[in-house]
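I opened the notebook to record what I looked up in this structure. The entries follow in the order I made them.

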Amino acid sequence: MSHRKFEAPRHGSLGFLPRKRTKKHRGHMRAFPVDDATKECHLTAFMGYKAGMTHVMRKMDRPGSLTHKKEVCEAVTIVETPPIV
């Protein structure tokens with residue numbers, strides 16, 4: 001077994017162990033909002049998968065900020081969703 005010559009803090013949280021690919025790629029809903037029978041029927045939940053990430057350039061519109069009326073680069077997530085029929 002290998003060992004460190006000097007002490008070092010650990011890399012990564014133990015809450016995310018074991019680090020391996022999942023057996024089931026389909027997510028699950030942990031909680032739904034409370035159903036109100038007086039309102040009409042509507043879409044409560046919709047499944048989507050994280051397909052990747054990219055970046056966008058957008059104008060910042062935040063008065064008082066150093067980046068007000070300037071272009072900033074931000075990270076965005078791409079979510080793939082099946083078509084609603």
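I noted that the model is predicted, so local features need pLDDT of at least 70, side-chain atom pairs count only at pLDDT 80 or more, and totals for chains, interfaces and linings use all residues. Residues are numbered from 1 along each chain as its sequence is written, and side-chain values use heavy atoms, with hydrogens and water left out.

Entry: overall form. I looked up the secondary structure and found zero helices and two strands in the protein chain; helices (H or I, at least four residues) and strands (E, at least two) are DSSP runs numbered from the N terminus. The radius of gyration of the protein chain is 22 Å, whereas a compact globule of 85 residues would have one near 12 Å. That radius is taken over C-alpha atoms, and the globule rule is 2.2 Å times the number of residues to the power 0.38. I read the span of the C-alpha trace along its principal axes as about 65 × 45 × 25 Å. Of the 85 residues, 2% are buried.

Entry: surface and charge. The accessible surface of the protein chain is about 9,100 Å², with 57% of it belonging to carbon and sulfur atoms; areas come from the Shrake-Rupley method with a 1.4 Å probe, and for residues only the protein chains shown count as cover. I listed 17 positive and 8 negative side chains, the centres of the two sets lying 13 Å apart. Lys and Arg count as positive, Asp and Glu as negative, and His and the chain ends are not counted. Each charge is placed at NZ of Lys, CZ of Arg, CG of Asp or CD of Glu.

Entry: salt bridge. Which residue forms a salt bridge with Arg-58? I found Glu-74, with the closest N and O atoms 2.8 Å apart. Because Glu-74 lies in strand S2 (residues 71-80) and Arg-58 in strand S1 (residues 49-59), the pair ties together parts that are 16 residues apart in sequence. The criterion is a side-chain nitrogen of Lys or Arg within 4 Å of a carboxyl oxygen of Asp or Glu, and the structure holds one such bridge. Glu-74 is partly exposed, at 29% relative accessibility.

Entry: I checked Gly-52, which lies in strand S1. Beyond its neighbours within four places in sequence, Gly-52 is in contact with Val-76, Thr-77 and Ile-78, where contact means heavy atoms within 4.5 Å. The C-alpha atoms of Gly-52 and His-42 are separated by 29 Å, at ten residues apart along the chain.

Entry: the loop between S1 and S2. Lys-70 sits in this loop and is partly exposed at 48% relative accessibility. Its C-alpha is 5.7 Å from that of Met-60, ten residues away in sequence. Not counting residues up to four places away, Lys-70 touches Arg-58, Lys-59 and Met-60.

Entry: backbone exceptions. Most residues other than glycine have a negative phi, and most peptide bonds are trans. Lys-69, in the loop between S1 and S2, has a positive phi of about 60° and is exposed at 65% relative accessibility. I also noted a cis peptide bond joining Leu-17 and Pro-18, with omega about -5°; Pro-18 is in the segment before S1.

Technical notes. Buried < 20%, exposed > 50% of the residue type's maximum accessible area, 1.4 Å probe, protein only.
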